[in-house]
Amino acid sequence: MRKRSISFLLRLSESEHVRLMNEVKQTGLSREAYIRALINGYIPKPLPPPDYYAMMRELHAIGNNLNQLAAKAHATGHLDRAAFQQEADQLRRAVQYIQQAVTAPELRTEPRGNLNVHLP
């Protein structure tokens, strides 16, 4: 037996449908899952940038390396300063890359003459 046995018809204007489908597309969810999230009080977030998962894997790898260095330092009473500095530098570079990827403005792909500004 299906968990969801109730269905209903919803009529939308063309502009409402376009807006709904644009918002659904940004989240990567199905239309139904998107609407269920809204009904349950959640606002679905847009999908992360394409390189988000690669960035997260890099941060996890650096964190694991730093944890291993800390465990070794705790066990032996000696910290490999060169290895620690190398990992700390790699972490700093990764954070800078993520900040750049997430906060830097992107170049517009359409020609300048086609600037569409929508003011409230």
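A residue counts as buried under 20% relative accessible area, as exposed over 50%, and as partly exposed in between. At 38% relative accessibility, Arg31 therefore falls in the partly exposed class. The structure is a predicted model.

**The largest pocket**

- Rolling a probe the size of a water molecule over the atoms shows where empty space is left.
- The largest pocket holds about 560 Å³ of space.
- Its lining is made up of 15 residues.
- Nearest the centre of the largest pocket lie Ile6, Ser7, Phe8, Glu32 and Arg36.
- Two or more lining residues come from each of helix H1 (14-27) and helix H2 (31-39).
- H2 gives the most to this lining, with 5 residues.
- By residue class, the lining of the largest pocket divides into 7 nonpolar, 3 polar and 5 charged residues.

- Side chains of opposite charge can pair when their charged atoms come close.
- Glu23 and Arg19 are 4 residues apart in helix H1, so about one helical turn separates them.
- Glu23 has a relative accessible area of 27% and is therefore partly exposed, while Arg19, with 58%, is exposed because the cut-off for that class is over 50%.

**Salt bridge Glu32–Arg31**

- The side chains of Glu32 and Arg31 form another salt bridge, at 3.5 Å, N to O.
- Glu32 is also among the residues that lie nearest the centre of the largest pocket.
- With a relative accessible area of 40%, Glu32 is partly exposed.
- Arg31 is likewise partly exposed, at 38% relative accessibility.

**Salt bridge Arg92–Asp89**

- Arg92 and Asp89 meet through their side chains in a salt bridge of 2.8 Å, N to O.
- Both residues belong to helix H4 (residues 81-103), where Arg92 and Asp89 lie 3 residues apart, about one turn of the helix.
- Arg92 counts as partly exposed at 45% relative accessibility.
- Asp89 counts as partly exposed at 25% relative accessibility, and the reason it is not buried is that this class needs a value under 20%.

Methods:
Residues numbered from 1 in each chain as written. Predicted model: local features only at pLDDT ≥ 70, side-chain atom pairs only at ≥ 80, totals over all residues. Heavy atoms only, no water. 1 Å grid on protein atoms, 1.4 Å probe; cavity = no way out; pocket = protein on both sides within 12 Å on 5 of 7 lines; lining within 4 Å. Points joined across faces, edges and corners; volume = space filled by probe spheres on them. Nonpolar A, V, L, I, M, F, W, Y, C, P; charged D, E, K, R; others polar. Buried < 20%, exposed > 50% of the residue type's maximum accessible area, 1.4 Å probe, protein only. Salt bridge = Lys/Arg side-chain N within 4 Å of Asp/Glu carboxyl O.
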